[in-house]
Amino acid sequence: MTPEKIARARILVTNDDGIHAPGLEALVEIASQLSKDVWIVAPEANQSGAGHSLSISKPLRAREVSDRKFAVEGTPTDCVLLAVKHLMKDHKPDIVLSGVNRGTNMSDDVTYSGTIAGAMEGCLLGLPSIAFSQAFAYEHPVKWATATAFGADVARKVLAAGWPLNVFINVNFPNVVASAVKGIKVTRQGVRAFGSSIVERIDPRGGHYYWNSYTPGEHEDDPDGDVSAIRAGYVSVTPLHLDLTHDATRKKLAAEFAD
Ligand code: MN
C-alpha cells in the first residue's frame with residue numbers, strides 16, 4: 001500500500017480491553033497519524049482472553065458513543081464483523097488495527113488474545129490487519145508513549161511491503177521508554193515464557209473460587225522469536241497466519257494412511 005493510499009484509507013480501530021481502555025486512545029493516535037478517516041468499534045467491556053470467539057446465541061447491541069465511535073456488547077470478533085458487515089457497509093474499512101493491548105501478545109498466547117482475534121477477523125474479511133500490544137510490568141504505569149512513538153512508522157512500513165491475504169501482522173512494543181528502544185526486529189511466533197496455574201481462594205462466605213494465573217516457566221529462548229526481541233528491548237513484528245496445519249506431520253500421517 002502506497003503512502004498516498006494509506007493517507008486516504010478508512011481505518012477501523014478495535015481492541016479487546018474495551019471502549020474505555022487507554023490503549024484504545026493510543027491506537028487512535030497511531031491511526032490518526034496514518035489517516036484522518038478513523039472509525040472505532042470496540043467492546044463495551046474488557047474482552048481480554050476472549051480469543052477469536054463469536055457471539056451466536058445473544059444479540060449484539062451497538063451504542064453510538066460519538067461520531068464514528070461505537071461500543072458493542074460483544075467480542076473483538078463481533079466488533080469487526082458488525083463494523084464491516086453493517087455499521088460501515090456503505091464504505092468499508094481499508095485497514096483494520098487492533099489494540100493497543102495492555103500487555104504483550106506473543107508466542108503461544110496469541111491464541112487466547114482478543115486483540116490478535118480483532119486482526120484475525122479483519123484478515124478473514126480480506127483486509128490488511130495489524131494487532132498492537134504494549135509490554136508492561138505489574139504495578140508500573142504502561143508506557144503507551146512507546147507504542148505511539150513507533151506504531152505509525154511500523155504500520156506504514158509493513159503496509160508498504162504488503163503481505164498475502166491470509167496473513168496478518170502482530171506488533172509488540174517493549175517495556176522501555178521510546179528513546180531506549182533498540183530497534184525493530186521481524187520475528188517468528190516464539191516459545192511461551194510461562195505456564196498456566198490455577199489459584200484457589202476462599203470468599204468471605206467460605207466458598208472456594210479459582211482464578212487463572214501463571215507461573216514463570218522454564219523454556220528455551222528462540223533467538224528469532226517475539227519473546228526474545230521484546231526482552232532485548234526491540235519492537236517485535238511477526239507475520240502470522242490462520243492456517244494451523246503442521247505440514248511435516250501432515251506428510252508423515254499421509255504416508256502412514258496411504259494404501
Ligand atoms: Mn487485552
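Is Asp16 buried or exposed? Select Asp16 in this predicted model: the residue is buried, with a relative accessible area of 2%. Buried denotes under 20% relative accessible area, exposed over 50%, and partly exposed in between, with a 1.4 Å probe and protein chains only.

Residues are numbered from 1 along each chain as its sequence is written, and side-chain values use heavy atoms, with hydrogens and water left out. Local features need pLDDT of at least 70 and side-chain atom pairs count only at pLDDT 80 or more, whereas totals for chains, interfaces and linings use all residues.

Helices (H or I, at least four residues) and strands (E, at least two) are DSSP runs, numbered from the N terminus. Asn101 is buried, at 7% relative accessible area.

**The nonpolar cores**

Now select Val13, Leu97, Val100, Ile130, Phe132 and Val171, the residues with the most contacts inside the largest nonpolar core, which has 36 residues. Such a core is a set of buried Ala, Val, Leu, Ile, Met, Phe, Trp, Tyr and Cys residues joined through side-chain atoms within 4.5 Å. Among the elements giving two or more residues to this core are S1, S5 and helix H5 (144-161); H5 supplies the largest share, eight residues. Finally, a second, separate core of 13 residues includes Phe70, Ala83, Met88 and Val96.
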